[in-house]
Amino acid sequence: MTITPRPAAALLTLTLAAAVLAGCSEEAAGDNKAADAGGCKPADVKLVGQVRNESNPYEAAWLGGGDAFAKSVGLTQERLTYGGDSTKQQEQISQLLAGNTKCLVMNVLPNGDSDTAPIVKGADKVGAYLVTQWNKPADLKPADYKTWVSHITYDGVESGQQIGDALATAIGGTGGIIALQGILDTAAAKDRFAGLQASLKKNPGVQLLDQQAANFSRAEALTVTKTLLTKHGDKVKGIWAANDDMALGALEALQQAGLSGKVAVVGIDAVPDAVKAVQGGTMTATVSSDGAWQGGIGLAIGYCVATGKLAVKDIAADNRAFFAKQFLITKANAADFAAPKTDPSDFECGNVFKRVAGPLK
């Protein structure tokens, strides 16, 4: 997935957080008590999904899943996008938290680890139910807050190794590969590359010729791949990309170089174009975190707590911050992922934690 933190915005992020906290009135504190009770009428719940942008197919699927859940309970989802701008994200959250928060449910993709704390603290102060996904500092834990219900993420080491192993198999266990890394100061990029390194240990015949950050961007990956192909020539037998946008950029570079179908390419996210490429054989593998499910499940968890069908205090500790299941997609099963859609039963209150793969420690 595309992860675009703005370290330079950290100070402003903290300033915004302070403003949110300072601006919380006694009325908001009263809202917090109501929120703790989980006594919202379904019709009073406000559902909000926030991601970076809708141009990214993965995040578009996320918002689509949120819409599907909202429709299933007779509501609509407010869709917010912040264009990868941490300042804009915090401004949007601040505006939400300045309004009626008694039955507010938010499913949020923080732009980076440093963006999560202000969102969490502001939501908890005013009693808004919050589920976050992907990004948070290791020492920031939902169990320390009343209405930060859950944090969902995925085991990047596992997915990075899965596609590394698939790439090794595709090139016959021997030969040179290049790696396109994501944004280097994000956990997803670090973990996925660690997974590749684990795969290289497991497959000693595979040689990492070069690696370079392309920041989870298709355009940057196109440029970087062209440069590395020029540098390493026909030694390049495979391309490992930390997300599908970069994998698709690599595919475009290969096509321009007349190498389409001759170099194995792998990525992560299972965006539609990548799944199609896997089906067609121009791409070897990708990994699905099921963006549509993510968009629905974050709202479903918050909704179930807000309406009293779940109580935060009764949620198992391992379900407050967890790795969710992910799926390796190859040509053998790509058809099953070609048209992703949500299953309403996944969002029933008794099922919302069924995809927990393990606790996030």
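Biologist: Before anything else, what is a cavity here?
Modeller: On a 1 Å grid over the protein atoms alone, a cavity is a set of points where a 1.4 Å probe fits but cannot get out. The model itself is predicted.

Biologist: How many cavities of 30 Å³ or more are there?
Modeller: The count comes to two.

Biologist: What volume does the second largest cavity have?
Modeller: About 30 Å³.

Biologist: And which residues line the second largest cavity?
Modeller: Its lining is made of Gly-164, Ala-168, Ile-177, Leu-196, Ser-199, Leu-200, Asn-203 and Val-206. At least two of the lining residues come from helix 6 and at least two from helix 7, which covers 187–202.

Biologist: Which helix gives the most to that lining?
Modeller: Helix 7, with three residues. By class, the lining of the second largest cavity has five nonpolar and three polar residues, and no charged ones.

Biologist: OK, and what is the volume of the largest cavity?
Modeller: About 50 Å³. Its lining consists of Trp-134, Tyr-154, Asp-155, Gly-156, Ser-159, Arg-192, Ile-268, Asp-269, Val-287, Ser-288, Ser-289 and Gln-326. Two elements give two or more residues to it: helix 6 (156–170) and strand 10 (286–288).

Biologist: How many charged residues are in the lining of the largest cavity?
Modeller: Three, alongside four nonpolar and five polar residues.

Biologist: Now pockets. What volume does the largest pocket have?
Modeller: About 490 Å³. It is lined by 26 residues, and those nearest its centre are Lys-136, His-151, Ala-321, Leu-360 and Lys-361. Strand 5 (148–153), helix 7 and strand 11 are the elements that give two or more residues to this lining.

Biologist: Which element gives the most to the lining of the largest pocket?
Modeller: Helix 7, with four residues. Classed by residue type, the lining has 14 nonpolar, four polar and eight charged residues.

Biologist: How much space lies in the second largest pocket?
Modeller: About 350 Å³. Of the 23 residues that line it, Ser-288, Asp-290, Gly-291, Pro-340 and Lys-341 are the closest to its centre. Helix 3 (57–72) and helix 11 are the elements that give two or more residues to the lining. The classes there are 13 nonpolar, three polar and seven charged.

Biologist: Switching topic: how many residues has the largest nonpolar core?
Modeller: The largest nonpolar core has 87 residues, and Val-45, Ile-239 and Trp-240 have the most contacts inside it. Helix 11, residues 291–306, gives the most to this core, with nine residues. Apart from this core lies another, of 18 residues, including Ile-93, Leu-96, Met-106 and Leu-130.

Biologist: What is Val-45 in contact with?
Modeller: Setting aside neighbours within four places in sequence, Val-45 is in contact with Cys-40, Leu-75, Cys-103, Val-105, Tyr-303, Ala-306 and Thr-307.

Biologist: Which residues form a cluster with Tyr-303 through ring pairs?
Modeller: Phe-69 and Phe-347.

Biologist: How many aromatic pairs does the count come to?
Modeller: Eight aromatic pairs. One of them is Phe-322 with Phe-353, an edge-to-face pair at 6.1 Å centre to centre, with 80° between the planes. This pair links distant parts of the chain, 31 residues apart: Phe-322 is in strand 11 (residues 321–324), and Phe-353 is in the loop between strand 12 (327–329) and strand 13 (356–359).

Biologist: Are Phe-322 and Phe-353 buried or exposed?
Modeller: Both are buried.

Biologist: Why is the pair of Phe-327 and Phe-337 tilted?
Modeller: Their planes lie at 45°, with the ring centres 6.1 Å apart, so the pair counts as tilted. Phe-327 is in strand 12 and Phe-337 in the loop between strand 12 and strand 13, ten residues apart.

Key: Residues numbered from 1 in each chain as written. Predicted model: local features only at pLDDT ≥ 70, side-chain atom pairs only at ≥ 80, totals over all residues. Heavy atoms only, no water. Core = buried A, V, L, I, M, F, W, Y, C linked by side-chain atoms within 4.5 Å. Buried < 20%, exposed > 50% of the residue type's maximum accessible area, 1.4 Å probe, protein only. Contact = heavy atoms within 4.5 Å. 1 Å grid on protein atoms, 1.4 Å probe; cavity = no way out; pocket = protein on both sides within 12 Å on 5 of 7 lines; lining within 4 Å. Points joined across faces, edges and corners; volume = space filled by probe spheres on them. Nonpolar A, V, L, I, M, F, W, Y, C, P; charged D, E, K, R; others polar. Phe/Tyr/Trp six-rings, centres within 6.5 Å; stacked < 30°, edge-to-face > 60°.
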